[in-house]
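Colleague: I am new to this structure and would be grateful for a guided discussion of it. May I put some questions to you once it is displayed?

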Amino acid sequence: MYPADLVAPMRTDLTSAGFTELTTSEEVTNHLEDHKGTTLMVINSVCGCAAGAARPGVKLAVSHSEKKPDNLTTVFAGVDQEAVAKAREYTLPYPPSSPSIALFKDGELIHFVERHHIEGRSAQMIAEHLLDVFDEYC
C-alpha cells in the first residue's frame, strides 16, 4: 500500500475533474449494477504513464468531447485494493493492468484500454482515442 499523503495529489488529479472515487468493492459493485448508461472508470496508478498520459489524456477527452460518459469513476491500484480487485472482475477477460481505462454500458464492459496501450503514448493520443470511443458508445 502506498502512503495516503503520497497518493493524495494523484487522487485529486481526477476527483477535481469530476471523477467519483470508489474505494470499496461494495461501491464498485453498487455503482456498476445500479447506474444505467455509460461509466468511464480509470484504474489509477502512481506510475509515470498514469501521470504523463493516462490522467491527462482522460481529462482532456472528457473536457473536449461533445459526447461524454454519463458517469466518471476511479479506483486506485496499490491503495484501494478491494475496490481494484472488484473492478478487475468487471474488466475480465483482460489481465490486471494499471493504469487502465474502462468504459461500461449498463454495467457491462464495452471498451478497455490496457497499460500497454497507454505506455509510450502521449496524453493527446490517449484523448484522441477516447474521443472516438465516446463518439461511438456515449
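Colleague: Which exposed residues are carried by the face of α1 turned away from its buried side?

Modeller: The model is a predicted one. In it, the buried residues of helix α1, which spans residues 4-15, are Val7, Met10, Arg11, Asp13 and Leu14. Seen down the axis of α1, these residues fall within an arc of 145°, so they line one face of the helix. The face turned away from them carries the exposed residues Ala4, Asp5 and Pro9.

Colleague: Against which elements do the buried residues of α1 pack?

Modeller: An α-helix has 3.6 residues a turn, so residues three or four places apart point the same way. The buried residues of α1 include Val7, Met10 and Leu14. The elements against which the buried residues of α1 pack are β1 (20-21), β2 (38-44), α3 (48-64) and β3 (71-76).

Colleague: Which strands are the edge strands of the sheet?

Modeller: The sheet is open and is formed by 5 strands with mixed pairing, in the order β1-β3-β2-β4-β5. An edge strand pairs on one side only, and this applies to β1 and β5 (108-113).

Colleague: In the pairing of β2 and β3, which residue stands opposite asparagine 44?

Modeller: Strands β2 and β3 pair in the parallel sense, over 6 bridges. Asparagine 44 is found in β2.

Colleague: Is asparagine 44 buried or exposed?

Modeller: Beyond four places in sequence, asparagine 44 touches residues that include Met10, Arg11, Leu14, Ala50, Arg55 and Ser98. Among them, Met10, Arg11 and Leu14 are buried residues of α1. The relative accessibility of asparagine 44 is 2%, and since the limit for burial is under 20%, asparagine 44 counts as buried.

Colleague: What angle does the direction of α5 make with that of β5?

Modeller: Helix α5 comprises residues 123-137 and lies across β2, β4 and β5. Its angle to β5 is about 160°.

Colleague: Which residue of β5 is the bridge partner of leucine 103?

Modeller: Strands β4 and β5 run antiparallel and are joined by 5 bridges. Their hairpin has 2 residues between the strands, and aspartate 106 takes a positive phi near 50° there. The bridge partner of leucine 103 in β5 is histidine 111.

Colleague: Which element gives the largest share of the largest nonpolar core?

Modeller: The largest nonpolar core has 22 residues, and those with the most contacts inside it include Phe19, Leu40, Val58, Ile101 and Leu130. The elements that give two or more residues to this core are β2, α3, β4 and α5. The largest share, 7 residues, comes from α3.

Colleague: How many residues are in the second, separate core?

Modeller: Leucine 40 has among its contacts, beyond four places in sequence, Phe19, Val58, Val62, Ile101 and Phe134. Phe19, Val58, Val62 and Ile101 are, like Leu40, among the residues with the most contacts inside the largest core. The second core is separate and includes Val28, Ala83, Tyr90 and Phe104, and its size is 14 residues.

Colleague: How many disulfides does the structure hold?

Modeller: Cysteine 49 counts as buried, at 14% relative accessibility. Its closest cysteine sulfur is that of cysteine 47, 3.2 Å away, which is too far for a bond, because a disulfide requires sulfur atoms within 2.5 Å. The number of disulfides in the structure is 0.

Colleague: How far apart in space are glutamine 81 and leucine 22?

Modeller: Glutamine 81 is found in helix α4. At 49% relative accessibility, glutamine 81 counts as partly exposed. Glutamine 81 and leucine 22 are 59 residues apart in sequence, and their C-alpha to C-alpha separation is 11 Å.

Colleague: With which residues is lysine 36 in contact, leaving aside its neighbours within four places in sequence?

Modeller: Lysine 36 has its place in the loop between α2 (25-34) and β2. With a relative accessible area of 62%, lysine 36 is exposed. The C-alpha atom of lysine 36 is separated by 27 Å from that of histidine 117, 81 residues apart from it along the chain. The residues in contact with lysine 36, leaving aside those neighbours, are Asp70, Asn71 and Asp106.

Notes:
Residues are numbered from 1 along each chain as its sequence is written. This is a predicted model: local features need pLDDT of at least 70, side-chain atom pairs count only at pLDDT 80 or more; totals for chains, interfaces and linings use all residues. Side-chain values use heavy atoms; hydrogens and water are left out. Buried means under 20% relative accessible area, exposed over 50%, partly exposed in between (1.4 Å probe, protein chains only). Helices (H or I, at least four residues) and strands (E, at least two) are DSSP runs, numbered from the N terminus. The arc is that of the directions from the helix axis to the C-beta atoms. Contact means heavy atoms within 4.5 Å. Two strands pair if DSSP finds at least two bridges between them. Axes are lines fitted to C-alpha atoms, for helices over the stretch in contact, and angles run from 0 to 180 degrees between N-to-C directions. A nonpolar core is a set of buried Ala, Val, Leu, Ile, Met, Phe, Trp, Tyr and Cys residues joined through side-chain atoms within 4.5 Å.
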